[in-house]
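Student: I have a new structure to look at, and I would like to learn how to read it. Could you take me through it step by step?

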Amino acid sequence: MSEDWDEVSFVISSRYRIAVMQRLVVGPATPSTIASDADVGISHVSRALQRLRERSLVDLLVSDDRKKGRVYGLTERGRQIWQTIEAENMV
């Protein structure tokens, strides 16, 4: 259980990670779409995606070789963590 809370804490400690997760819960998206929808800079989105991916909360849905048109989505674990965040009114 504490592992879940570590992940929740990790996500909610950054407004950019929150924005990325909030957008991806709607469905898969590119970094530029996330940045536009969340009204944040693309560099912040890219960094947040990288950190979330390292923790297996977000997954790259296209080949790693692809440089343009990268599409990301939440993993099942990412969905679970986001549900906890919403259920506890943490955003």
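This is a predicted model: local features need pLDDT of at least 70, side-chain atom pairs count only at pLDDT 80 or more; totals for chains, interfaces and linings use all residues.

Student: Which residue does Arg70 meet in a salt bridge?

Tutor: The general idea is that side chains of opposite charge can pair when their charged atoms come close. A salt bridge here is a side-chain nitrogen of Lys or Arg within 4 Å of a carboxyl oxygen of Asp or Glu. The partner of Arg70 is Asp64, at 3.4 Å from N to O. Asp64 is partly exposed, at 45% relative accessible area. Salt bridges with shared partners join Arg53, Asp64 and Arg70 into one network.

Student: Where do Arg53 and Asp64 lie?

Tutor: The side chains of Arg53 and Asp64 meet at 3.3 Å, N to O. Arg53 is in helix H4 and Asp64 in the loop between S1 and S2, so this pair ties together parts 11 residues apart in sequence. Arg53 is partly exposed, with 29% relative accessible area.

Student: How many salt bridges are there by this rule?

Tutor: The count comes to five. Another of these pairs is Glu7 with Arg55, whose closest N and O atoms are 3.0 Å apart. Glu7 belongs to helix H1 and Arg55 to the loop between H4 and S1, so the pair ties together parts that are 48 residues apart in sequence. Glu7 is buried, at 10% relative accessible area, whereas Arg55 is partly exposed, at 34%.

Student: You mention helices and strands. How many of each does the chain have?

Tutor: Helices (H or I, at least four residues) and strands (E, at least two) are DSSP runs, numbered from the N terminus. This chain has five helices and two strands, and from the N terminus on they run α-α-α-α-β-β-α.

Student: Which residues of H2 are buried?

Tutor: Seven of the 10 residues of H2 are buried, which leaves this helix mostly covered. They are Arg17, Ile18, Ala19, Val20, Met21, Arg23 and Leu24. Across the chain, 38% of the 91 residues count as buried.

Student: How many residues does the largest nonpolar core have?

Tutor: A nonpolar core is a set of buried Ala, Val, Leu, Ile, Met, Phe, Trp, Tyr and Cys residues joined through side-chain atoms within 4.5 Å. The largest one has 23 residues, and those with the most contacts inside it are Val11, Val20, Met21, Leu24, Leu49, Leu52 and Val58. Elements giving two or more residues to this core include helix H1 (2-12), helix H4 (42-54) and strand S1 (58-60). Contact means heavy atoms within 4.5 Å. Leaving aside neighbours within four places in sequence, Leu49 is in contact with Val20, Leu24, Pro31, Ile34, Val58 and Tyr72.

Student: What does phi tell me about Asp39?

Tutor: Most residues other than glycine have a negative phi, and most peptide bonds are trans. Asp39 has a positive phi near 55° and is not a glycine. Asp39 sits in the loop between H3 and H4 and counts as exposed, at 70% relative accessibility. Ser56, also not a glycine, has a positive phi of about 60°. Ser56 lies in the loop between H4 and S1 and is partly exposed, at 44% relative accessible area.

Student: To finish, what is the radius of gyration of the chain?

Tutor: The radius of gyration is taken over C-alpha atoms, and the globule rule is 2.2 Å times the number of residues to the power 0.38. With 91 residues, a compact globule would have a value near 12 Å, and the chain agrees because it has 12 Å. The C-alpha atoms fill a box of roughly 35 × 25 × 20 Å, taken along the principal axes.

How values were computed
Residues are numbered from 1 along each chain as its sequence is written. Side-chain values use heavy atoms; hydrogens and water are left out. Buried means under 20% relative accessible area, exposed over 50%, partly exposed in between (1.4 Å probe, protein chains only).
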